[in-house]
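Visitor: I have a structure here that I would like to walk through. Could you show it and take my questions?

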Amino acid sequence: FAVAVPMRRGYGKSGGGKNLPTTHITAFGLQDAQDIQATIDSLSKEPYIDGKRIVLVGQSGGGLASLAYGSLGNPNVKGVINFAGGLRRTGVAMWELDMAQAFGVYAKTTKSPSLWFYTENDSFFSPTTARGAYEAYKQNGGQVTFLALPPFKKDGHGMFADF
């Protein structure tokens, strides 16, 4: 197994500017999916990497980006694991609906299964928001297993970092 932990542009100590906020969550995720493509392209050139068996794992915005990338049709993606994925848009009316619609759009062209983890006490995505995204994904053909977990520590949004 090989594990890569790339940072999207502008996050952590990565180079480049952050994906600029847009009013359209679908486009935001697809723009971040370009960073995943660049990582896959680079790593697939290495002789020790089997670029034909890829599993994407993302948390928060990375979960959104991973699901967006899954929709691009790369047959080498065998699965996507989403930890509290999405994009919270404070001050933007109806962002929860936009997030659900984005996940529904991604589901329409995603062939690989996904596993989603959301907690009851996620400060970014309430159980209602997470369930809405899941329902939109599933109704649009997404193969998804959704795990609604009990509260995790003080804020379940950071659960992935504690695994």
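The conversation below turns to the fold, the core and the surface.

Guide: Please note at the outset that this is a predicted model.

Visitor: Understood. How many helices and strands does the chain have?

Guide: There are four helices and four strands. Along the sequence they follow the pattern α-β-α-β-α-β-α-β.

Visitor: Which residues touch the most other members of the largest nonpolar core?

Guide: They are Leu56, Phe103, Trp116, Tyr118 and Tyr137, within a core of 31 residues. Two or more core residues come from each of helices H1 (25–43), H2 (61–70), H3 (95–109) and H4 (127–139), and from each of strands S1 (54–59), S2 (77–83), S3 (114–119) and S4 (144–149).

Visitor: And which element gives the largest share?

Guide: Helix H3 does, with six residues.

Visitor: What is Phe103 in contact with, leaving aside its neighbours within four places in sequence?

Guide: Phe103 is in contact with Leu64, Leu67, Asn82, Gly85, Gly86, Trp116, Tyr118, Ala133 and Tyr137.

Visitor: Changing topic: what radius of gyration does the chain have?

Guide: The chain has 15 Å, which agrees with the value near 15 Å for a compact globule of 163 residues. Its C-alpha trace spans about 45 × 35 × 30 Å along the principal axes.

Visitor: What share of the residues count as buried?

Guide: Of the 163 residues, 42% count as buried. The chain exposes about 9000 Å², and carbon and sulfur atoms supply 58% of that area.

Visitor: Lastly, how far apart are the mean positions of the positive and negative charges?

Guide: The mean positions of the 16 positive and 12 negative charges are 3 Å apart.

Note on methods: Residues are numbered from 1 along each chain as its sequence is written. This is a predicted model: local features need pLDDT of at least 70, side-chain atom pairs count only at pLDDT 80 or more; totals for chains, interfaces and linings use all residues. Side-chain values use heavy atoms; hydrogens and water are left out. A nonpolar core is a set of buried Ala, Val, Leu, Ile, Met, Phe, Trp, Tyr and Cys residues joined through side-chain atoms within 4.5 Å. Buried means under 20% relative accessible area, exposed over 50%, partly exposed in between (1.4 Å probe, protein chains only). Contact means heavy atoms within 4.5 Å. The radius of gyration is taken over C-alpha atoms; the globule rule is 2.2 Å times the number of residues to the power 0.38. Accessible areas come from the Shrake-Rupley method with a 1.4 Å probe; for residues, only the protein chains shown count as cover. Lys and Arg count as positive and Asp and Glu as negative; His and the chain ends are not counted. The place of a charge is taken as NZ of Lys, CZ of Arg, CG of Asp or CD of Glu.
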